[in-house]
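Please read each point alongside the coordinates.

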Amino acid sequence: MQATPERISERLEAVRWGVREALNESGRGPDETRILVASKYYTLEQMGALAGAGVEIVGENKVEDLLRKQEAFEDAFEWHFIGHLQRRKARDVVSRVTLIHSVDSVRLVEELAKRAPEEGVEVLVQVNVSGEESKYGVREDEVDPMLEVIGETEGKVRARGFSTLAPLVEQAEDVRYVFAKLRTIRDRLKNRWSSRFDLSELSMGMSNDYRVAVEEGATIVRIGRALIEEPREARS
Ligand SMILES: *Cc1c(COP(=O)(O)O)cnc(C)c1O
């Protein structure tokens, strides 16, 4: 596995091109999807390569990694948190990231509200669209009650939209329904909650399926391995 800074740059360019193409093909504007690099597999050296390649947003899964990498690259990126967040670690994250993609319980919302800085913290509600295949996120029918609770934090926690983890499949087309369904949920709730939240964001799509996610409306794709591994061989 070769992941020199040059290769990382080349692969990032390929992902940018793929995102732009998917936006264009689905009639969306060229800037409607942001690329976040899911940096859990990246060494500090490779983080440097991401900065050099012009990556703007990185997302970490673990609080320890966030702290360690931020120490070295604080100003180089906008930092998001994308992994499962334990309540006892909420306080370490709230002031360090601009968006938490993985809010999946009322108790976590309450903890975030308690620990958030004056200006509050922005979050996405993680939805388990596919049912039992993925264990992360709330069910669709739990989303509205969750937004109620977020509303009660009086701006300490602010909902900006939704995220999902699609099941792992061989063919990206097989998870198109997951992305389409999250968009439908977003559209419905965006209207209903428009007086209190701007629920525009849809964080969905990873290395293997980001084009399909963009076609279905992703505003943020989370790209991990695609920049450091050779692409998987196409399977028939
Ligand atoms: C690792 C990770 C990704 C990126 O996955 P790849 O398949 O490596 O692109 C995206 N989202 C989350 C929450 C992750 O943990």
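What volume does the largest cavity have? The points below begin with the basis of the model and then answer this.

1. This is a predicted model, in which local features need pLDDT of at least 70, side-chain atom pairs count only at pLDDT 80 or more, and totals for chains, interfaces and linings use all residues. Residues are numbered from 1 along each chain as its sequence is written, and side-chain values use heavy atoms, with hydrogens and water left out.

2. The largest cavity has a volume of about 80 Å³. A cavity is a set of points, on a 1 Å grid over the protein atoms alone, where a 1.4 Å probe fits but cannot get out; a volume is the space filled by probe spheres set on the points, which are joined across faces, edges and corners. The structure holds one cavity of 30 Å³ or more. Met-206, Asn-208, Asp-209 and Arg-225 are among the residues that line the largest cavity (an atom within 4 Å of a point).

3. A pocket is an open set with protein on both sides within 12 Å along at least five of seven lines. The volume of the second largest pocket is about 560 Å³. Of its 25 lining residues, Lys-40, Asn-61, Leu-165, Met-206 and Arg-222 are the closest to its centre.

4. Residues around the ligand (a heavy atom within 4 Å) include Ala-38, Tyr-41, Ile-82 and Ser-207. By class, this shell has six nonpolar, three polar and three charged residues.

5. For a side-chain N or O atom of Arg-225, the distance to a ligand oxygen is 2.6 Å. The protein buries 92% of the 390 Å² that the ligand exposes when taken alone, by the Shrake-Rupley method with a 1.4 Å probe.

Notes. Polar contact = N/O pair within 3.5 Å; in protein donor to acceptor, adjacent residues only side chain to side chain. Nonpolar A, V, L, I, M, F, W, Y, C, P; charged D, E, K, R; others polar.
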